[in-house]
Amino acid sequence: MIKPCLAALLATMFFFTAGAQTDSCPIRISVITCAPGEELYALFGHTALRITDSTKGEDIVYNYGTFDFGDPDFYAKFVRGKLDYFLNPEYYHDFIRFYQEEQRGITEQELKLTCAEKQAVIQALHVNLQGANKYYKYDFLFDNCTSRVRDLLQKHIPGLTMQTRLTAPGTTFRHMIHTYLDNGGQPWSKLGIDILLGSRMDRAVTVQESMFLPDFLMKGVDSATRQGASVVSARKQLFTATPVSHKQNKWVPLLVFSIFAFLILLLSRWKSKTGKTLTRIADSVLLYLTGLAGFLLLFMWFCTDHVACANNYNLLWMLPTNLVAGFFLWKRPNWLKKYFLYAGFLQIAILFAWLFLPQQLNISLVPVVLLLAYRYYQLSAN
């Protein structure tokens, strides 16, 4: 009986010694997830890495979501997709104070890593901070403050698996973004995003891609395993805030555009000289606005680095050629009637194919496309 007892004692000593060696590492690494805020730029939340070294008395948050708002070319770079974001270390208390002031909840997930793995993550961050390494071209879908943390963890934690499906099958980037815009009461921002961002937003996301949003990376880390064991050693709420409840006003743009289309329709039925003149002015405004918007979409597609702006089917109704048609509307050359006839057929085709296009067009645009179809027909007949 002595030998089994001795073996059990040695095994117990080995267990506690191994645990002590793991716990003796003075470094803690955590994923910090900040809840969405009120403003559009903060609506999707934020992710950062927290590294605490008890021997050095350091508590630093590494934030990939920093940019220089004082850059004299800030707006030009932002529009063209060439704005540099960079990795920025900041003291934990300074970082957390900002989100507390904005009343945004903060969740921490401490990772269960070996000392060697922790050192590898820290070394990678230090390399990222050197010179030009700290800068990167921000891409909302594929290279942002959250995806940078995701990629860093997957690269430096051997055997890490985050393959649990976080979204329903068939969920697209646009579906995911719409959820936040609807919850945040941003119907007009939703409309603008739907107009600017093309069909690349409408393919189903993979598990990896779904973690471009902070909440989904947090879920991915929660479900992450290595050799069957959870990677999260502790999860706690650093700051709790009650989310602001927004009225579900997502149908406001549809209502506004419906009223606008109805008023233009009534105006076009006014057959007096004044009515015809006002209708012609309204037609000119419609052509100029849709033409300019079409050129904007072409610019965003071909002249910027925003990959999500490519292959935009809104160009089927925001015709850049309308800018030329608007210029000739008052002169009425013979070819203009044929142009309006073909443009009218195109609008009807869009309406019939609305639910089958490779890109999800915003439902608020239906009254606008109907109005364009009607006015094109009238202009081709007169």
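**Close-ups of aromatic contacts**

**View 1. Phe44, Phe140, Phe142, Phe173, Tyr180 and Phe212 are joined by ring pairs into a cluster.** This is a predicted model, in which local features need pLDDT of at least 70 and side-chain atom pairs count only at pLDDT 80 or more, while totals for chains, interfaces and linings use all residues. Residues are numbered from 1 along each chain as its sequence is written, and side-chain values use heavy atoms, with hydrogens and water left out. Rings of Phe, Tyr and Trp (its six-membered ring) pair if their centres lie within 6.5 Å; planes under 30 degrees apart are stacked, over 60 edge-to-face and the rest tilted. The count by this rule is 18 aromatic pairs.

**View 2. Here Phe44 meets Tyr180 in a tilted pair.** Their ring centres are 5.6 Å apart, with the planes at 50°. Phe44 sits in the loop between strands E1 (27-34) and E2 (46-53) and Tyr180 in helix H6 (residues 173-183), so the pair ties together parts that are 136 residues apart in sequence. Helices (H or I, at least four residues) and strands (E, at least two) are DSSP runs, numbered from the N terminus. Both Phe44 and Tyr180 are buried (under 20% relative accessible area; exposed is over 50%, partly exposed in between; 1.4 Å probe, protein chains only).

**View 3. Next come Phe142 and Phe173, an edge-to-face pair.** The centres lie 5.5 Å apart, with 80° between the planes. Phe142 is partly exposed at 34% relative accessibility, whereas Phe173 is buried at 0%.
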